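I opened my notebook to record what I looked up, one topic at a time.

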Amino acid sequence: MSEGQFKLPMVDNHQSDSCCAGKEGAFDYRNAAEESWVTGQIETAVGPVYRIATILDYRDLLGSFKARWGVGRMGYTVPPGLYAAGNPGQRSPVLVSANYKLSFDSLRRELSGLDLWILVIDTKGINVWCAAGKGTFGTEEVIRMVSATRLPELLSNKTLIMPQLSAPGVTSFEVRRSCGFKVIFGPVRAADISAFLKVGNRADPVMRRTHFGLLDRVVLTPVELTALVKPLAYFTLFLFLLNLASVILAGDIIQPAFLIRQSFSDLVPFLIALLVGAVFVPALLPFIPGRALSWKGLVLGLVWAGIYRGLPGLEAGLLETASYFLIIPAITAFLSMNFTGSTTYTSLSGVVKEMKIALPLIMTAAGLGLIALTLSYFV
Amino acid sequence: MKFRYLKNVVTLKLDQGKCNGCGICTEVCPQQVFTLEGKVSSIADRDACLECGACARNCAPGAISVRAGVGCAYAVLMDMYNIKSRCCGDDCGCSLDGIQC
């Protein structure tokens, strides 16, 4: 965009005479002009407002891909402020969004052909659900942004449509009391926004439900995997040292290439255990028996340990076998338990109960397994 | 398909005497825990509750109470060892990215 300098409604010290009593904090809306997804601006009673593209381009897709893998995920933000889709007027709906770019994009791409406002509030670059849980997508921030963008002057329609999953952080009757805007909780998914608006802001029961389909679960796994690189490196080093020590104790000649090859070969069952816990369990979640996530991990871990031990040509004594059946399920149970943070249906009380039972067992199994593994190199 | 978590663990409580029948709880709950029977809300599927706290926060007469929190093992673990929770902040998978607008 190269419209040059213009006065923006959001960043000056304008004393709003609106009913909103919230403080007008400064926010960095001006930079939005540089964004690839801003296609122009429209003139309004409160000054120019940026219009956004409703079709994602390669930059958005690349950005999403990187964020999924944890690259620059925390800085993947949208400048908070008011935006326009299409040609909204004073009676057009206002959708409220988090300023995590992934959240914003999932909303943006559903807005083709619609005329409405989007109020992006500052959730510190965190998605709706997590921000609502932490209170950053909260009542006060909504009130602050309504005031800061001078929405009451712009609109005759005093209604805000929130994503339903912001409800843990937004008290609808408080928003109304303090700035006169009625809060309507929209559908859970951005994909249903158009249908929701069409029938006069009504969500049917399906729109009100979280879905947690295969794709929803699998897209969450890369971030889990990236967190495992470091522990994996340490474990590989541990196996290398065991191999080295066993060669030295046996009085053999040290051949680095052999030691490295042997260490990576020893790593295989545990490496795959990481994949089982972090990818297979989430993917197969509804098909694995049991309710507790750590239990589901344990089941698949035992299956993998059994398969590995049964591989033709594998030489494994009692100690190796014990180490497989102890360490692998410990890894998979732990990683599966960690997936509770990504699910849409686990409660805090449930997680605490599950951890009280699972964690001591996991630690014990891992400890005994490591002892067995270590001994197996020297016996 | 509805996923089921552990039975009989959640802290959700509803005082039907205080309910004004507004029905906001049936709207904000992502798990369809509540139903409106006549002019009073009731808990239809208690074990489906994920303790997000949306209902209690939006219940004007204060008929609902729940110990709200994030059902995330990583966060609980960090809490247990008194490490400042970075859940949803830095590198934990706590995301739900893209499931919501």
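Predicted model: local features only at pLDDT ≥ 70, side-chain atom pairs only at ≥ 80, totals over all residues.

Entry 1, the contact between chains. I looked up how chain A and chain B meet. I found 47 residues of chain B in contact with 58 residues of chain A. I then asked which elements of chain B give two or more residues to the side that touches chain A. They are helix H1 (24-28), helix H2 (54-58) and helix H3 (73-80) of chain B. H3(B) gives the most to this side, with four residues. I also sorted the residues of the side of chain B that touches chain A, and wrote down 28 nonpolar, 11 polar and eight charged.

Entry 2, the domains of chain A. The domain assignment gives domain 1 as 30-210 and domain 2 as 217-376. I looked up the distance between their centres, taken over C-alpha atoms, and it is 41 Å. In the contact between them, domain 1 of chain A takes part with four residues and domain 2 of chain A with five residues. On the domain 1 side I listed one nonpolar, two polar and one charged residue.

I picked Glu224(A), which lies in helix H9 (residues 221-226) of chain A. Is Glu224(A) buried or exposed? I counted 22 C-beta neighbours inside 10 Å, so Glu224(A) counts as buried, since the cut-off is 20 or more. I also looked up Asn338(A): Glu224(A) and Asn338(A) are 114 residues apart in sequence, yet 8.8 Å apart in space, C-alpha to C-alpha.

Note on methods. Residues numbered from 1 in each chain as written. Chains lettered and ligands numbered in written order. Contact = placed C-beta atoms within 7 Å. Nonpolar A, V, L, I, M, F, W, Y, C, P; charged D, E, K, R; others polar. Buried ≥ 20, exposed ≤ 12 C-beta atoms within 10 Å, placed from the backbone. Domains from an automatic or database assignment.
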